[in-house]
Amino acid sequence: AKYNKTTIQWDDVLGMEIAKDTIIEAYYHDDVTQIVQAGYKTLASPESAFYLDHLDVTWEQFYGYEPCVNITSPTTCAEMV
């Protein structure tokens, strides 16, 4: 944060040594519970719901995606970006 910037990384860096102030963009993970519980702020943008190369996704699925569905703590869910 020396330059007042925040690093955002795709979720394929999980398991590597990364700073806890890194925002993880959940692309491969539809369920972001594991990422959030690991202490990372998370930007949910799963490939199965939000990318145009998945044209088989219906509007109901697109708008029905809820990243906090398996997160029971309101404060933990608040870590979603």
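Modeller: The cluster is formed by Trp 10, Tyr 27 and Tyr 28. Before the details, two remarks on the basis of this answer are needed. This is a predicted model, in which local features need pLDDT of at least 70 and side-chain atom pairs count only at pLDDT 80 or more, while totals for chains, interfaces and linings use all residues. Residues are numbered from 1 along each chain as its sequence is written, and side-chain values use heavy atoms, with hydrogens and water left out.

A residue is buried under 20% relative accessible area, exposed over 50%, and partly exposed in between (1.4 Å probe, protein chains only). Tyr 27 is buried at 17%, Trp 10 is partly exposed at 40%, and Tyr 28 is exposed at 53%.

Strands E1, E2 and E3 form an open sheet in the order E1-E2-E3, with parallel pairing. E1 and E3 stand at the edges with a single partner strand each, so one side of each lacks a neighbour in the sheet. From one strand to the next, the twist averages 30°; for such angles, axes are lines fitted to C-alpha atoms, for helices over the stretch in contact, and the angles run from 0 to 180 degrees between N-to-C directions. Two strands count as paired if DSSP finds at least two bridges between them. E1 and E2 run parallel and are joined by three bridges, whereas E2 and E3 pair in the parallel sense over four. Within E2, Ile 24 is the bridge partner of Gln 9, and Ile 24 also stands opposite Thr 42 in E3. Further on, Ala 26 stands opposite Ala 44 in E3. Both faces of E2 are covered, with Ile 23 and Glu 25 buried on one side and Ile 24 and Ala 26 buried on the other.

From the sheet one may follow Ala 44 into the interior. Ala 44 lies in strand E3 (residues 41–44) and is buried, with a relative accessible area of 19%. Leaving aside neighbours within four places in sequence, Ala 44 is in contact with Ala 26, Val 32, Phe 50, Tyr 65, Pro 67 and Met 80; contact means heavy atoms within 4.5 Å. Met 80 is 36 residues from Ala 44 in sequence, yet the two are 7.4 Å apart in space, C-alpha to C-alpha.

Ala 44 and Met 80 are also among the members of the largest nonpolar core that touch the most other members, together with Ile 24, Val 32, Ile 35, Val 36 and Tyr 65; the core has 13 residues. A nonpolar core is a set of buried Ala, Val, Leu, Ile, Met, Phe, Trp, Tyr and Cys residues joined through side-chain atoms within 4.5 Å. E2 and H1 each supply at least two residues of this core. With neighbours within four places again left aside, Val 36 contacts Thr 42, Ile 71, Thr 76, Glu 79 and Met 80.

As for the whole, the chain has four helices and three strands, and from the N terminus its elements run β-β-α-β-α-α-α. Buried residues make up 28% of the 81 residues in the chain. Its C-alpha atoms fill a box of roughly 40 × 30 × 25 Å, taken along the principal axes.

Note on methods:
Rings of Phe, Tyr and Trp (its six-membered ring) pair if their centres lie within 6.5 Å; planes under 30 degrees apart count as stacked, over 60 as edge-to-face and the rest as tilted.
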